[in-house]
Amino acid sequence: MDARRRSTKSTTTSTSALTKPVRTTKVKAVDGDSTKASDALAFPLYFTNTVFFTLFFSVVYYLLSRWREKIRNSTPLHVVTPSEIVALVALVASFVYLIGFFGIDFVQSLFLRPSADVWISEDDDESAIAKDDSRKVPCGAALDCSVPTQVPATVLSSPVTAVQKMVDPLPVPIKLTEEDEEIVKSVVAGTTPSYSLESKLGDCARAAAIRREALQRISGKSLSGLPLDGFDYASILGQCCEMPVGYVQIPVGIAGPLLLDGREYSVPMATTEGCLVASTNRGCKAIHLSGGANSVLLRDGMTRAPVVRFATAKRAAELKMFLEEPENFETLATVFNKSSRFARLQNIKCAIAGKNLYMRFSSSTGDAMGMNMVSKGVQNVLDFLQDDFPDMDVIGISGNFCSDKKPAAVNWVEGRGKSVVCEAIIKGDVVRKVLKTNVEALVELNMLKNLAGSAMAGALGGFNAHASNIVTAVYIATGQDPAQNVESSHCITMMEAVNDGKDLHVSVTMPSIEVGTVGGGTQLASQSACLNLLGVKGANRDSAGSNARLLATIVAGSVLAGELSLMSALAAGQLVKSHMKYNRSSRDMTTVSS
């Protein structure tokens, strides 16, 4: 792709953007020096530290002496002299200096200079990245991206075969300014860390373009099929993705309307699997023609399970009994809940392995999926327990007894996130005319495939046809964590003939649907639009958590539709025929994005 940066008022073409946010005039070259945080100070660091330390303790001593005299003389404390006013100002200034880790970050913020120290370690957290981003213009404002119409002559004359060119085309260089070219060279040489570009440039789109070009030069591989332009890179800074070089296009289809609990929903599904949306849409039609589906929310609680170790199993058992004692729950809940307005501790379940104790905390989390929220509450409790159990050694905030992003029996039995049951009665004539099968065949297939077949395979929570297909498609479209489809797809599909065998009762039971409507990828424009389509965008102001709970029921209802349609296709022998028709494309998708 061809990325051109619009001309700015800067007259120099050095790597000035690496030391100031957007537009600069005179700067240092990147290849030479590395900017130190203490450069923002007018005096040497050791001298400034000495001055502020001395000032702080001197002023504190002076003010305490003055206030002690006032108390002895019965003088009102709010009556201050000019010298005391000066002392108070000096106290505040020196205090800010100390709080700001020797004042460096605070002083630099006054000069609008991003701190280079933040990028010394690759393990810095997302909040540091966000704080360091002091750009003045919106990301993307300084870029004008277009696609080159011709491949460079050097590529065409390269001694490779035509097949190799098609399989692995050579990199198409991005057209850069002299200033950006020098930055690319410094990234390739390793002088400038790739992960620090957003902070040092102050322009997210420009940073992505430079990183992309550097990657192409280092790897010798082309990224011409990966789109760069047309994405708000500022929206993911410090939140969703680090070191971006573009974005992947996934088509979004609509299944529905899904008639669930008396309301219609158009379900967005992001997928590249042919037949999936069409099949789910057919299931929605069958449900709609039969009067709709109904859902029940059984549980709503996110979990986190730290693991701690003691010297003996007896001490571990003592803590277990303390945590499970009902009289202690109110105290523990108060400690847990203080970290959030929405986190409310529900229960604590413990398990012992030798001298190790696993404590599974369950908490409501409002409209957020809530992993971070629960983790903060758990940390509060661990700090509190340290007073009464000083010999407790915290091994990890997560001990896999939670259990996150892994198939686990504890989630299948106890639930995690939202536990939902969704059911519908499909009329016999709808089964025949829309689903092209019959009730008896569906019931028999469900028993032999979803129940007996899954048991033969030793499935854990996989007593269904393809629940993960629908869960993942909806998750990607609505900005959920796709990796959580592992436990969110736990599902058992039940089918039974009712009304003297004329109609079909079908249900899905999903004990661990992990969704949220705030935080993470839900705030991105595309995903937010899909949430808005479902009527669950953002937090519910009237009833905290109701949007996330509604989204969970929609996921379950969509799975019900998908299960119904695929099972019917299998029963009628239509699966292969449908995939040959809808999932066999001769179109070269690599040319679509370009």
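Glu-324 and Lys-320 are both located in helix H11 (residues 313-324), where four residues, about one turn of the helix, separate them. The model described here is predicted. A salt bridge joins Glu-324 to Lys-320, with 3.1 Å between the closest N and O atoms. Glu-324 has a relative accessibility of 36% and counts as partly exposed. Lys-320, at 23% relative accessibility, also counts as partly exposed.

In total, 20 salt bridges are present in the structure. One of them pairs Glu-181 with Arg-217, whose closest N and O atoms are 2.7 Å apart. Glu-181 belongs to helix H7 (residues 178-189) and Arg-217 to helix H9 (residues 204-219), so this pair ties together parts that are 36 residues apart in sequence. Arg-217 is partly exposed, at 36% relative accessibility.

A further salt bridge is formed by the side chains of Glu-487 and Arg-416, at 3.6 Å from N to O. Here Glu-487 lies in helix H18 (residues 485-488), while Arg-416 occupies the loop between helix H14 (409-414) and strand E10 (417-426); the pair therefore ties together parts that are 71 residues apart in sequence. Glu-487 is buried, its relative accessible area being 0%. Arg-416 likewise counts as buried, at 0% relative accessibility. Both residues take part in a network of salt bridges that links Asp-404, Lys-405, Arg-416, Asp-481, Glu-487 and Glu-514.

Asp-300 is part of strand E5 (residues 294-304). With a relative accessible area of 15%, Asp-300 is buried, since the limit for a buried residue is under 20%. Its side chain makes a polar contact of 3.3 Å with the side chain of Arg-549. Leaving aside residues up to four places away in sequence, Asp-300 touches Gln-346, Ser-364, Gly-417, Lys-418 and Arg-549.

Met-369 is placed in the loop between strand E8 (356-364) and helix H13 (371-388). The C-alpha atoms of Met-369 and Gly-417 are 7.5 Å apart in space, although the two residues are 48 residues apart in sequence. When residues up to four places away in sequence are not counted, Met-369 touches Met-302, Gln-484, Glu-514, Val-515 and Gly-516. Glu-514 is also a member of the salt-bridge network that includes Arg-416 and Glu-487.

Helix H16 (residues 439-456) contains 18 residues, which at 1.5 Å a residue should span 26 Å; the C-alpha atoms at its ends are 24 Å apart, in agreement with that value. A bend of about 30 degrees occurs in H16 at Asn-446. Asn-446 is buried, as are Val-439, Leu-442, Asn-450 and Ser-454 in H16. The buried residues of this helix pack against helix H15 (428-433) and helix H20 (546-572), as well as strand E11 (462-463), strand E12 (491-498) and strand E13 (503-513). At the start of H16, a side-chain oxygen of Asn-438 comes to within 3.2 Å of the backbone nitrogen of Glu-440. After H16 comes Gly-458, which has a positive phi, near 70 degrees.

Eight aromatic pairs are found in the structure. In one of them, the ring centres of Phe-56 and Phe-57 are 5.2 Å apart and the ring planes lie at 80 degrees, so the pair is edge-to-face. Phe-56 is buried, with a relative accessible area of 16%, whereas Phe-57 counts as exposed at 51% relative accessibility. Tyr-358 and Phe-401 have ring centres 6.5 Å apart and planes at 70 degrees, so this pair too is edge-to-face. It links distant parts of the chain, with Tyr-358 in strand E8 and Phe-401 in the loop between strand E9 (393-396) and H14, 43 residues apart. Tyr-358 counts as partly exposed, at 23% relative accessibility. Phe-401 is partly exposed as well, with a relative accessible area of 23%. Elsewhere, Phe-231, Tyr-233 and Tyr-247 make up one aromatic cluster.

Methods: Residues are numbered from 1 along each chain as its sequence is written. Side-chain values use heavy atoms; hydrogens and water are left out. A salt bridge is a side-chain nitrogen of Lys or Arg within 4 Å of a carboxyl oxygen of Asp or Glu. Helices (H or I, at least four residues) and strands (E, at least two) are DSSP runs, numbered from the N terminus. Buried means under 20% relative accessible area, exposed over 50%, partly exposed in between (1.4 Å probe, protein chains only). A polar contact is a pair of N or O atoms within 3.5 Å; within protein, one must be able to donate a hydrogen and the other to accept it, and residues adjacent in sequence count only if both atoms are side-chain atoms. Contact means heavy atoms within 4.5 Å. The expected span of a helix is 1.5 Å times one less than its number of residues. The bend at a residue is the angle between axes fitted to the seven residues ending there and the seven starting there. Rings of Phe, Tyr and Trp (its six-membered ring) pair if their centres lie within 6.5 Å; planes under 30 degrees apart count as stacked, over 60 as edge-to-face and the rest as tilted.
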